[in-house]
Amino acid sequence: MNPTTTKEQPALPQDALRAFAAALSSTIGLLYPDAPVAEVSFEAPRRPEFGDFSTNAAFSLARIAKRSPQDVASALIDALDTTQPNLRALFSEIVATAGFINIRVAPACWRALLAQILRDGASFGQSAPNGARVSLEFGSANPTGPLVVVQGRTLSIGETLADALRYCGYDVFTEWIINDAGGQLETLGDSLYARYRQLFEPAYVFPENGYPGDYLLPIAEQISKQDGASWCARPQSEWQPFFAVFARDVLVAEQHATVERFGVRYDLWQSEKALHDDGRVKAGLQRLVDGGVTYERDGALYFRATQFGDDKDRVLVRADGRPTYLAADVAYHYEKLKRSDRVIDLLGPDHHGYIGRLQGLAEALGYKGRLEVLIAQQITLMRGGEQIAMSKRAGHIITLDEIIDEVGVDAARFFFVMLSAESPLTFDLALAKAKTNDNPVYYVQYGHARIASVFKNASPEDAAAASAGATLELLTHSTELALIRRLAELPKTVANVVEHLAPHRLTRYARDVAADFHQFYTERKILVDDRDTRIARLALSLATRTVLAQVLGLIGVSAPEHM
RNA sequence: GCGCCCGUGGUCUAAUGGAUAAGGCACGAGUCUUCUAAACUCGAAGAUGGGGGUUCGAUUCCCUCCGGGCGCACCA
């Protein structure tokens with residue numbers, strides 16, 4: 001773009017950067033014709049005194065130029081000033097420091113961006129659809145009991161990731177797989193049947209490997225209510241499938257309810273049993289057979305996993321004809337890979353050893369590099385410094401519902417996504433529900449509520465004028481400009497979350513936005529007597545509220561009007 | 001034994017290969033007759049487990065050792 005046109009229409013920071021990159025590239029070509037053509041990229045320096053953006057272009061040129069990076073950077077800036085004198089209009093500072101070229105975008109550009117936030121509102125920074133389809137699977141659980149704390153973490157991370165992908169223009173399809181095939185469904189049926197029989201014969205023996213815990217009891221009572229004791233006299237071949245499917249349906253419905261209560265929605269709840277029943281498992285296996293990556297031994301069908309880096313080959317179909325879990329995964333991943341450009345599995349901590357096998361599978365199916373696997377690490381549950389012991393076998397479980405009851409959805413969603421997925425998380429229930437200043441959820445929500453409160457005290461006329469963004473040039477204070485710069489980071493931050501599958505970075509950003517607002521709020525009274533100043537500060541507050549609401553929405557936390 | 005993840009101040013964490021490693025908590029001192037003090041300001045203290053390597057530059061990538069966690073089924 002031509003910088004001279006900016007008089008009438010102030011350039012946005014990203015336009016200014018683009019102009020700078022283009023100018024710098026051509027200057028590099030002029031000064032160092034032998035240098036390989038490289039794109040000039042920018043990063044945000046860690047320290048604010050180094051400017052808004054910096055580029056390290058001089059480092060790679062230093063060797064060719066046979067001069068120090070600092071000399072190269074200085075020479076580039078001098079040349080820029082000679083050949084592109086108009087560039088200075090867009091920047092308040094262009095300096096060479098320690099080899100970096102640090103630039104500060106003119107305040108007018110930042111105000112132009114603020115005006116854009118006010119115009120775009122809730123859709124600020126969102127990318128247009130990019131046509132790429134993403135399949136995201138997360139949270140999936142066995143249908144043998146209530147959801148527990150680990151699923152809370154994968155649900156939080158997965159849903160935030162899905163929303164971040166959508167924000168960046170991806171066509172996201174979220175799916176949950178119900179592991180309702182094989183022996184565990186039978187065990188579930190046996191367990192429920194025992195609970196049912198115990199209603200009539202308290203001495204009836206509970207199966208040794210059954211699922212303990214009280215949660216099957218109400219389901220047994222439900223059957224007793226509708227059918228009485230009639231199942232007691234029926235043969236196993238009749239009650240077994242009935243109790244298994246009955247239990248599954250009730251438990252999956254409960255899981256569904258918990259998931260929705262947690263603010264998470266799926267596009268598909270896929271039954272694994274259905275994959276077997278409708279022949280898709282067979283189709284997936286055939287794909288592997290056709291690809292020549294299987295063989296038969298002792299009557300069983302094997303996948304040549306070692307060919308893809310696994311320790312040993314894996315059984316797909318047992319000698320008796322029953323397929324293994326891996327067979328279903330073959331089919332399901334084949335289906336997901338067929339219909340998606342990018343497949344992401346977010347798995348629990350017990351699936352470490354499974355990553356390589358899944359990726360080998362994707363490669364064997366002909367989709368090398370399309371599958372990404374992210375593991376959410378373990379959670380240790382605490383209450384005020386005391387570790388809470390949990391044992392599924394002994395029937396001591398703390399359900400996700402109980403956690404939501406105790407700390408609320410907002411705190412749970414925020415805490416579960418706050419740490420990077422690969423580091424183990426200690427979740428302290430006492431801290432999560434503490435309404436004190438060491439609770440980061442409230443810190444961010446308080447920022448939003450504070451702004452809402454200011455607007456309650458402002459006149460409707462002022463609020464309308466603020467959203468039109470008429471007097472933004474009065475925003476000159478350091479806290480005001482710092483806040484605008486922070487708000488501008490939203491799109492880049494979400495893009496970064498998507499690129500690195502790192503949703504925890506959103507919580508940090510949320511805290512940064514809140515912190516910058518709280519500082520601004522303390523330093524500059526918003527509802528001052530001077531009308532233009534008042535409206536300018538209201539406009540900044542409004543934009544902040546928009547961004548805070550967007551970030552909180554991505555994290556799955558409510559943005560309260562008052563606290 | 002094999003594989004994966006993690007070792008950062010007193011403590012919990014952060015840091016697309018960048019500059020003087022950043023925040024919260026805890027500790028000390030201040031700031032409300034003014035828009036929500038669930039906030040803000042200042043201070044003290046102080047960390048990348050050890051050793052190699054790649055790089056102009058490593059908390060980040062590679063190797064190795066030490067320490068912690070988890071997983072290693074013809075279960076799902």
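I started with confidence: chain A has a mean pLDDT of 91, and 96% of its residues reach 70 or more. I'm keeping in mind that this is a predicted model.

Helix α20, residues 531-555, has the highest mean pLDDT at 97, while strand β13, residues 386-387, has the lowest at 76. I also checked residues 1-7, where pLDDT stays under 50. For that stretch I found 13 contacts beyond four places in sequence. For the complex, I noted the predictor's ipTM of 0.94 and pTM of 0.93.

Then the overall layout. I see 20 helices and 14 strands in chain A. Its C-alpha atoms fill a box of roughly 95 × 60 × 40 Å along the principal axes. Chain A has 563 residues, and 40% of them count as buried. I looked at sequence separation too: of the chain A contacts between residues at least 6 apart, 74% join residues at least 24 apart.

Last entry, one helix pair. How do α1 and α3 cross? I get roughly 105 degrees between the axes of α1 (residues 13-31) and α3 (residues 69-83), which come within 10 Å. That angle falls in the 65 to 115 range, so I put α1 and α3 down as roughly perpendicular to each other.

Which residues meet there? From α1 I list A23, L24, T27, I28, L30 and L31; on the α3 side I have A75, L76, A79, L80 and T83.

Terms used. Residues numbered from 1 in each chain as written. Chains lettered and ligands numbered in written order. Predicted model: local features only at pLDDT ≥ 70, side-chain atom pairs only at ≥ 80, totals over all residues. pLDDT = per-residue confidence, 0-100. Helix = DSSP H or I, 4+ residues; strand = E, 2+ residues; numbered from the N terminus. Contact = placed C-beta atoms within 7 Å. Buried ≥ 20, exposed ≤ 12 C-beta atoms within 10 Å, placed from the backbone. Axes fitted to C-alpha atoms, helices over the stretch in contact; angles between N-to-C directions. Parallel < 35°, antiparallel > 145°, perpendicular 65-115°, else oblique.
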